[in-house]
Each structure stands twice: as structure tokens, then as C-alpha cells.
Amino acid sequence: MTEAVRTPWHLWLVGVVTLLFNAVGIWSYLSTQSGNLDGLGMSTEAIDYVTSFPAWADSLWALGVWGAFAGSVLLLFRARWAVTAFLIAILGLVGTTIYQRVLTDLPADMQGIILPLAIWATTLFSTWYAISMRRKGVLR
């Protein structure tokens, strides 16, 4: 008979904080897809840039934000699929980063490095954390 693994307190902290962080990515993505960018303080150049993504780049962006959001939800449900969702988010993030930082010229007001670093750090940490919790038997 196997003993049930208790949920550590930090799983709830990591799950809720990353869920809130990733919800901002969802909000940004949905605002772009629905054309509700005027009130976000973005320049016309930035709005034109994000609304002109080719389908493949837009799809990678969707994989990144929805994968990360799903990963946080699955983490809170202690589901082992959180790892897969976060890996999908990394795939989307890699593709989006390559598109924005290598293949195109970002508008001047989008060239900051702090937000992309925060997104990368959060996504990589979330993936590492989910893998760690799966190895410890916390995720089922």
C-alpha cells in the first residue's frame, strides 16, 4: 500500500502566484485578438506590430500563454500534466522570442528587457517546480 503524499504549502503559493502572473499574459493575448488595445497605453506602432503577427507567430504566442496558464491550473489540481503544459509554454516562448528578437524589429517602446526576463524566469521556474513536484509524488 502506498502512502498519500501531502500537498506542501508552497505548492499553493507557487500555483496561485503563477496563475495570477499567467492571467496577465492571457489578458494581453485576448486583448490583442479582440482588438481592445487602445486603452492599454501602447503606441500606434506597438499596436500595429502585435496585430500583424503572422499566423505561426500568433500560434506560438498562444501556446506560450495558454500553456503557462494551464500549467498553473494543473499545478493547483496536483495534476502531473502540469509539466507537459509548462513544456508547451516554453516551446511557445522560444518561438515568440525568436520571432520578436531575431526575425523582426521591435517597436521602440517594446524593446525593454525586464518584462521578457520576468516571463522567462517565471516560465522556467514553473517548469522546474512542476518537474520537482512530480518527482516527489505530489503531482498525480
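Asn 22 is buried, at a relative accessible area of 7%; buried means under 20%, with a 1.4 Å probe and protein chains only. The residue belongs to helix H1, residues 9-34, where a helix is a DSSP run of H or I of at least four residues, numbered from the N terminus.

This is a predicted model, so local features need pLDDT of at least 70 and side-chain atom pairs pLDDT 80 or more, while totals for chains, interfaces and linings use all residues. Residues are numbered from 1 along each chain, and side-chain values use heavy atoms, without hydrogens and water.

What does Asn 22 touch, leaving out residues up to four places away in sequence? Ala 68, Phe 69 and Ser 72, with contact meaning heavy atoms within 4.5 Å. The side chains of Asn 22 and Ser 72 form a polar contact of 2.9 Å. A polar atom of the Asn 22 side chain also lies 3.2 Å from the backbone oxygen of Ala 68. A polar contact is a pair of N or O atoms within 3.5 Å, one able to donate a hydrogen and the other to accept it.

Next, the packing of H1. H1 and helix H5, residues 114-135, pack at about 145°, axes 11 Å apart; axes are fitted to C-alpha atoms over the stretch in contact, and angles run from 0 to 180 degrees between N-to-C directions. H1 residues in this contact include Leu 11, Val 14 and Phe 21, and those of H5 include Ile 119, Phe 125 and Met 133. By class, the contact has eight nonpolar, four polar and no charged residues; Asp, Glu, Lys and Arg count as charged, Ala, Val, Leu, Ile, Met, Phe, Trp, Tyr, Cys and Pro as nonpolar, and the others as polar.

Last, confidence. Mean pLDDT, on a scale from 0 to 100, is 94 for the protein.

Technical notes
Helices (H or I, at least four residues) and strands (E, at least two) are DSSP runs, numbered from the N terminus. Buried means under 20% relative accessible area, exposed over 50%, partly exposed in between (1.4 Å probe, protein chains only). pLDDT is the predictor's confidence in each residue, from 0 to 100.
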